[in-house]
Amino acid sequence: MPQLWRLTRNRYGRAAYDALARVGITATVMDEYVTMLEGETAFDAASDGSYTVETCLPAQVAPLDAPVGELGPDERIVAALEEGQPRGYCFVSLDATHEIEPLERTLAFEGAYIRRVFVDPNHRNRGIATAIVAEACRHARTEGASRATALVALDNSPSRALFERHGFESRRRRRYVRVGPFAHRATRAV
């Protein structure tokens, strides 16, 4: 399924998914990626020097239309900034519970939970996503977390590759299907 993300991860795929959801049909498959945060992570956060990565305020990522309204009270934003302009971001929380909308379920995460990794399309392939996730892991480790988790949709090949390339391992696969009032959930080890 290497190129499926090109069919689904665009405005047309989103519109089709949203139209089906409006009539009560949803389906999601997500892998739960985990890495231990003891010592250094497998992320090589070498930047080309043109941007910095740091925790920031919601207003700083507003130009990227970041969904900051969904931030939890203790959740942080880690962003890549170039000359004051945001180039990418992720959200990170520690020992938190989150509503996972595609799964229509609330899940508790031990340690860090990294989500919403995004890089402006005009600035991709510069190591920004790697640097952002590496900083999120460093932040979590500094705050005492011993592991980090990310949920990644099966069709999101770029994110899957990012986490796999840098030491995160898929531990569980979560499936959810709803057709009207009927729903089915399944979780299995990978």
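This briefing covers the cysteines, a cavity, a helix and one arginine of the structure above. The model is predicted, so local features need pLDDT of at least 70 and side-chain atom pairs count only at pLDDT 80 or more, whereas totals for chains, interfaces and linings use all residues. Residues are numbered from 1 along each chain as its sequence is written, and side-chain values use heavy atoms, with hydrogens and water left out.

**Cysteines**

- A search of the whole structure finds zero disulfides, a disulfide being a pair of cysteine sulfur atoms within 2.5 Å.
- Cys 90 is in no disulfide, and the nearest cysteine sulfur, that of Cys 137, is 8.4 Å away, which is too far for a bond.
- Cys 90 is buried, with a relative accessible area of 0%, where buried means under 20% relative accessible area, exposed over 50% and partly exposed in between (1.4 Å probe, protein chains only).
- Cys 137 also counts as buried, at 0% relative accessibility.

**The cavity**

- The whole structure has one cavity of 30 Å³ or more; a cavity is a set of points, on a 1 Å grid over the protein atoms alone, where a 1.4 Å probe fits but cannot get out, and its lining residues have an atom within 4 Å of a point.
- The largest cavity holds about 50 Å³ of space, a volume being the space filled by probe spheres set on the points, which are joined across faces, edges and corners.
- Its lining consists of Leu 103, Arg 105, Arg 174, Arg 175, Tyr 176, Arg 185, Ala 186 and Thr 187.
- At least two residues of this lining come from each of strand S9 (169-179) and strand S10 (182-189); strands (E, at least two residues) and helices (H or I, at least four) are DSSP runs numbered from the N terminus.
- By class, the lining of the largest cavity has three nonpolar, one polar and four charged residues, with Ala, Val, Leu, Ile, Met, Phe, Trp, Tyr, Cys and Pro counted as nonpolar, Asp, Glu, Lys and Arg as charged, and the others, Gly among them, as polar.

**Helix H4**

- In helix H4 (residues 157-165), the buried residues are Ser 157, Ser 159, Arg 160, Leu 162 and Phe 163.
- Gly 167, which follows H4, has a positive phi, near 95°.

**Arg 87**

- Arg 87 lies in strand S4 (residues 85-94) and counts as buried, at 16% relative accessibility.
- Leaving aside residues up to four places away in sequence, Arg 87 touches Leu 64, Ala 80, Glu 82, Val 119, Asp 120, His 123 and Ile 128, contact meaning heavy atoms within 4.5 Å.
- With His 123, Arg 87 makes a side chain to side chain polar contact (3.5 Å); a polar contact is a pair of N or O atoms within 3.5 Å, and within protein one must be able to donate a hydrogen and the other to accept it, while residues adjacent in sequence count only if both atoms are side-chain atoms.

Terms used: 1 Å grid on protein atoms, 1.4 Å probe; cavity = no way out; pocket = protein on both sides within 12 Å on 5 of 7 lines; lining within 4 Å.
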